[in-house]
Amino acid sequence: EVSIAQPLESASSIIEEQINEFAQKKGVTYGEPLAGNKIFEYSVKELNVNEPNFERKRILAFEKAFIDAQKKIAFDLSQEILTRTIAEYFQDNSVGVPKKVDNWQVIKNKVLALTEAALNRMLEKLGVDPSRLGQLSLEEKRKIFLDKIRREVLKKTVEELSGTAIVQTFEGVNKDGSYAVGVIVMYSPKLKQVAYDIVNGKEPSFIKTSKGKNLREYLPKTPKGWMASWGVRVVWDSEGYPALISFGQWAYPYTKNPQRRSRLIEGAKRRAIMLADAYIADFLDSKIVAVETGNFGGDIVENIVETPSDEWKETVDALVDKYYSKVKRTSRVKVSGIGTLAVKTLKTKIGDRYFYIVIAARSWTYRSSQLAQQLRNWKPQKKETSPSTPEVKKEYQREIITGPETTDIYDW
């Protein structure tokens, strides 16, 4: 939950301050692996409240910030994978290469130093038979080796991306109409398992009853807190199972016409709910796309490997763009058990303009998905009638009725 802070130099600096306070409070360092192999990254996007269609661009700014933070996570992950690759293939003791050093350049430099015999051994380790490469030059063999390494690292990077989720969102505005939104994203191997369990309809692998609570308790407590809520959050439900809460938003400028306002509100509610559901589907679709890419490579990695750029950061940025483009295209996950926690309609002033912002909070839980599955599979049971048999006249039998034995005679 975030309130709009007092104006500083710019809206971006407002958000940066909030993001740094979050890190200090939680004891995290952005861009560095922490306990449990977690990685935190963030992104801030700024726009002007006087831009045409600002209310829609504000929502788009959240999406852009999220993708940008994911690119940073992907770069961090790829650097870690490249570091392990250096240690594995070059038996190098410099595993602790400074994180900000481009490890792709490190690998290229090491490959340049290899003799042809050493390079042939490396290719064999990668599953390439040097004897089948004919009369290729040393330079061409180097390119084949780097190409194979590049593909493997990119595949592993995409596979890891499914373990990311939003942990906090912010927004801020200053007096000159500068406006910004910020998103903090966390990577965690446990989140990969959560997504895997949901996609495959498995009982959750993690249970934490000490942290569990009613999902409504996670909802923002103030209007400004609602305004700054966007995207999917992973929480613990009242049973201690992982659950998803997704915030979708839609907005439009204020109008005095009550009939038009009513129509716009209803339309905004539908769009906000639709977006909240889409974010849940994206969260789960990303797991499917990541697994497919990790197993088979596919068009994501193939397209990126063919790009002319040799800058590793640019390669990873393009990889994430392709990855999320495919996630959006697939939309194969039809999520069962999504329900509405709340829908808020807020009239707010941003800069010198008034807007209506509608925020929908939708949720998914393991129990709700089970119930939805049961309802979907329900079939009416047909009563089977047995053939009638001739009535047999019963002989008289005496019947004895006794009252309940409420008093134990041995007690008294």
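Is Arg-56 buried, partly exposed or exposed, and what is the relative accessibility that decides this? At 33% relative accessibility, Arg-56 counts as partly exposed, where buried means under 20% relative accessible area, exposed over 50%, and partly exposed in between, with a 1.4 Å probe and protein chains only. The model is predicted, so that local features need pLDDT of at least 70 and side-chain atom pairs count only at pLDDT 80 or more, whereas totals for chains, interfaces and linings use all residues. Residues are numbered from 1 along each chain as its sequence is written, and side-chain values use heavy atoms, with hydrogens and water left out.

**View 1. Arg-56 and Glu-55 form a salt bridge.** The closest N and O atoms of this pair are 3.9 Å apart, a salt bridge being a side-chain nitrogen of Lys or Arg within 4 Å of a carboxyl oxygen of Asp or Glu. Glu-55 counts as buried, because its relative accessibility is 4%.

**View 2. Arg-362 forms a salt bridge with Asp-277.** Here the closest N and O atoms are 2.8 Å apart, and the pair links distant parts of the chain, with Arg-362 in strand E7 (residues 353–364) and Asp-277 in helix H8 (residues 258–296), 85 residues apart. Helices (H or I, at least four residues) and strands (E, at least two) are DSSP runs, numbered from the N terminus. Arg-362 is buried, at 13% relative accessible area, while Asp-277, at 22%, is partly exposed.

**View 3. Asp-317 forms a salt bridge with Lys-313.** The closest N and O atoms are 3.4 Å apart, and both residues lie in helix H10 (residues 312–330), 4 residues apart, about one turn of the helix.
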